Amino acid sequence: MVRLKNDDSAYVGRYLAVVADGMGGHAGGNVASASTVLDLVHLDQREHDDEALTVLADEIQAANSLLSELVTTSPQLSGMGTTVTALLLNGNKFAFAHIGDSRAYRLKDGVFEQISIDHTFVQRLIDEGRLRPEEAEVHPHKNVLMRVLGDVDASPELDLDTFDVEPGEKWLLCSDGLTAVLRDSDIENVLRNTNDIQRCVDILVELTLSGGSPDNVTVAVLEIAEVPDDAPADDEPVSAQVSAAGTVTGGPGTGSPAVPLTGRDITDTEADDDEPARAELIRQDLSQRPHMLVGAASLATETGQIPIVTKRSAERRAARLLTHKAAPVSESPAPEHPESKPRRRWLVPAFLALLAVLLAAVLWVGYTWTQTRYYVGSSDNSVAIYNGVSQSLGPIKLSSVTEQTDIPLDSLPEYQRNRVEGTIPAKDLLHAEQIVEDLRGTARVSSCGPSAPATPAEAKASPSAGATPSPTASAVSSAAAGPAADPENCGGQK
């Protein structure tokens, strides 16, 4: 038997590698992982306006806000979530971001080690010395997640780090379908003794499936390669091949799930004539760079079966243009014959005028979109509700205070105060007011004594898919195995 639904998504390009393991019941996990991965692929570029680690962290937090928006539009998705483990290459350094129980391993200078830390209930017990690692494998709550992206936390805590990279080192990103079957020593043995990373991926997937994996499995293997000084600009210091293997039943080519990613009951409110155009926008964006996309995210781009995701992604691309998060790609005009220039001089001013009109339209649409946003921040050392986004466009502020509260920042616990100072995104004004009321209650409790610990968010682990080889910067594989119960929300077990 095989699992018919694949909640894993993965992307690997020249500069970006990310694995996301969705959770949240029949119609949630695949939407969460696909939405998150598609919202991050624009980072696959050489240059960024800020430090790579800051950019990666900010975009993952923005992807988390997107999930909340999806739940607002489609309440059936409530409780969905996803893990994220991502690497962003910048020069000779990897920016690393992680949340959930997908894993990252590194083999460098002969040393194999797990880089990520599982955000699970049993890992917390191990860290506190209340549980031995060997006991964790049979613990009844071993699949309970403490941290994920989703609609549970407006600003989830990410593990962030930066690593120097050297030629010859290998990295492996995977969903927990791999580690549920294979021990770290098994993974190390394959990674250390298999020179061809394509073969490495295939062996790991085959071992997982033959071991009776109860979950989908997605594996990405990257190897750092030395680039000669005279090499073409397209050559990058990451080499790999890509493959997909497994026995997922479903759509063509990539191990797609047989069931739609979202049913019409979920997307009716978003469906319109622009859906094919929005899906085509993402396909064109991906066609600009060599990459490998597998799992639920691949199905979303190939079939457009998640129009709600593609629409949100299109809106965010327009907003990024406004806030200079993404520089427009310009192409050099083809050389003209000298005799044709006098007859076509009128084309230049006409083209510039049209470009100015289009740019003005994009800026206006982007600005209008920002004014539908709300967040909670600080003003005059008090909690305030802002309309807009926290960024500025040069001297132009894209937000203004909508409501100044009487809650002093100093009355909040340090954690809540830091959240307010860093801004807390809200879905709408009503949600922002609810956040303020929660903060007000926290301030009261803080004045009397420590507040009760928050209930940990539970979750479900993920799935995967397959794809076709392409000239990218790493090896990715996605497969599925025996059926396992899908939780209905993040509070359930994986």
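Contact here means heavy atoms within 4.5 Å. Welcome to a predicted model, in which local features need pLDDT of at least 70, side-chain atom pairs count only at pLDDT 80 or more, and totals for chains, interfaces and linings use all residues. Residues are numbered from 1 along each chain as its sequence is written, and side-chain values use heavy atoms, with hydrogens and water left out.

**View 1. Helix 6 meets helix 7.** Ile-187, Val-190 and Leu-191 of helix 6 are in contact with Cys-200, Ile-203, Leu-204 and Leu-207 of helix 7. Helices are DSSP runs of H or I with at least four residues, strands are runs of E with at least two, and both are numbered from the N terminus. The axes of helix 6 (residues 184–193) and helix 7 come within 9 Å and cross at roughly 155 degrees. That makes helix 6 roughly antiparallel to helix 7 (angles over 145 degrees count as roughly antiparallel, under 35 as roughly parallel, 65 to 115 as roughly perpendicular and the rest as oblique). Axes are lines fitted to C-alpha atoms, for helices over the stretch in contact, with angles from 0 to 180 degrees between N-to-C directions.

**View 2. Helix 7 from end to end.** Asp-196 caps the N-terminal end of helix 7, with a side-chain oxygen 3.3 Å from the backbone nitrogen of Gln-198. Among the buried residues of helix 7 are Ile-197, Gln-198, Val-201 and Asp-202 (buried means under 20% relative accessible area, exposed over 50% and partly exposed in between, with a 1.4 Å probe and protein chains only). Just after helix 7, Gly-212 takes a positive phi of about 80 degrees.

**View 3. Helix 1 against helix 2.** Helix 1 (residues 29–40) and helix 2 (residues 52–73) pack at about 140 degrees, with their axes 9 Å apart. That makes helix 1 oblique to helix 2. Residues of helix 1 including Val-31, Ala-32 and Ser-35 meet a group in helix 2 that includes Glu-59, Ile-60 and Ala-62.

**View 4. Two loop residues with positive phi.** Most residues other than glycine have a negative phi. Asn-381, though not a glycine, has a positive phi of about 65 degrees. Asn-381 sits in the loop between strand 13 (374–379) and strand 14 (382–393), and is partly exposed at 43% relative accessible area. Thr-423, also not a glycine, has a positive phi of about 75 degrees. The loop that holds Thr-423 runs between helix 13 (414–421) and strand 16 (424–426), and Thr-423 is partly exposed at 26% relative accessibility.

Definitions and conventions:
Polar contact = N/O pair within 3.5 Å; in protein donor to acceptor, adjacent residues only side chain to side chain.
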